[in-house]
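This report covers selected side chains in one protein model.

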Amino acid sequence: MAELLFWPALIAYGEAAFAYAGNARRPGLAGILATWGVRLGWVAQTALLVGQAVRAEGFPWDTWAGSLNLFVWLVVGAYLIWGCRVRYRLLGLAVMPLAAGLLVLARIGGGTGLGQRSHYSSAFLALHVGLVLAAFAGFTLAAALSGLYLWLERRLKRRRAGGLLGRAPSLVTLETLAARTVVFALPALTAGIVVGLARLRSDGGRFDALMAVTLLTWLVYAAFLLLRYELGWRGRRAAYLALAGFTLVIVVRLGLPLTHFS
């Protein structure tokens, strides 16, 4: 019964994606409808996750599709922290189509139903998977902010940003928020990696390619913070580095079904 909540969540996320596109052309009512679509969709998905947690015997998101369902919820939740403000509705145009598409993929993979019993403990999965997905959600949002920064900067240079003035955050605000998001996400990834490596050592498991890419992701974002706060990297260089790190996040997410959830 709980999996039926997938449909109102998907419909609301899809409505938000289309409404944000309409708001980009003609600001007004469409932006309000988009914001409420995000809110209602997130509430419906929260109820879906709660239903899965109540009915599951262990950790309910222990498959690649289940973790994708949880990842979407974390991304939308992070966006809702300040994404409901009028000036961040352009960011929703990047976030919500992605959220709706990934939720459909999670449904196809069976991630909105009950997960299978895992041989790992629920406590380990909650810590490791939860921390890593929370970090990846933050990196996804930082990438969206960086992409919006580069797009707005290009329009400003071409003197084509007149219609966006007053409707989007300043370039300084976008860059600052992207950096702060990484500041909060990197410790979560660090903790998730530590938990995973500790379990790997105790179980005598092997260090695989996906773990190497995860560590590389950590190094890229650690370098981002070092260059941003210690060496004064700003603007396009920082935005491109955040997007480069996000490509590694994509690689890790795509690699999960072939390794950890195979």
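## Selected side chains

Gln45 lies in helix α2. The model is a predicted one. With a relative accessible area of 0%, Gln45 is buried, because the cut-off for that class is under 20%. Apart from neighbours within four places in sequence, the contacts of Gln45 are Ala9, Tyr13, Asn69, Val72, Trp73 and Leu103.

Helix α2 spans residues 29-55 and also holds Ile32. Ile32 has a relative accessible area of 40% and is partly exposed. The patch is nonpolar and consists of Leu29, Ile32, Leu33, Trp36 and Leu40. Together these residues have about 530 Å² of accessible area.

How many salt bridges does a search of the whole structure find? The search gives two. Side chains of opposite charge can pair when their charged atoms come close.

| Salt bridge | N to O distance |
|---|---|
| Glu153 and Arg236 | 3.5 Å |
| Arg228 and Glu175 | 3.4 Å |

Glu153 forms its salt bridge with Arg236. This pair joins distant parts of the chain, with Glu153 in helix α5 (residues 122-157) and Arg236 in helix α8 (residues 235-255), 83 residues apart. Is Glu153 buried or exposed? Glu153 counts as buried, at 13% relative accessibility. Arg236 has 37% relative accessibility and counts as partly exposed, because the value falls between the limits of 20% and 50%.

The other pair is Arg228 with Glu175. Here too distant parts of the chain are linked: Arg228 belongs to helix α7 and Glu175 to helix α6 (residues 171-203), 53 residues apart. Arg228 is buried at 6% relative accessibility, and Glu175 is buried at 11%.

Helix α7, residues 209-229, also contains Val213. Which residues does Val213 contact, leaving aside neighbours within four places in sequence? They are Leu248, Val251 and Val252. Gly255 is 42 residues from Val213 along the chain, and their C-alpha atoms are 9.6 Å apart.

Definitions and conventions:
Residues are numbered from 1 along each chain as its sequence is written. This is a predicted model: local features need pLDDT of at least 70, side-chain atom pairs count only at pLDDT 80 or more; totals for chains, interfaces and linings use all residues. Side-chain values use heavy atoms; hydrogens and water are left out. Helices (H or I, at least four residues) and strands (E, at least two) are DSSP runs, numbered from the N terminus. Contact means heavy atoms within 4.5 Å. Patches are made of residues with over 30% relative accessible area and no salt bridge: like charges are joined within 9 Å, nonpolar side chains (Val, Leu, Ile, Met, Phe, Trp, Tyr) within 5 Å. Accessible areas come from the Shrake-Rupley method with a 1.4 Å probe; for residues, only the protein chains shown count as cover. A salt bridge is a side-chain nitrogen of Lys or Arg within 4 Å of a carboxyl oxygen of Asp or Glu. Buried means under 20% relative accessible area, exposed over 50%, partly exposed in between (1.4 Å probe, protein chains only).
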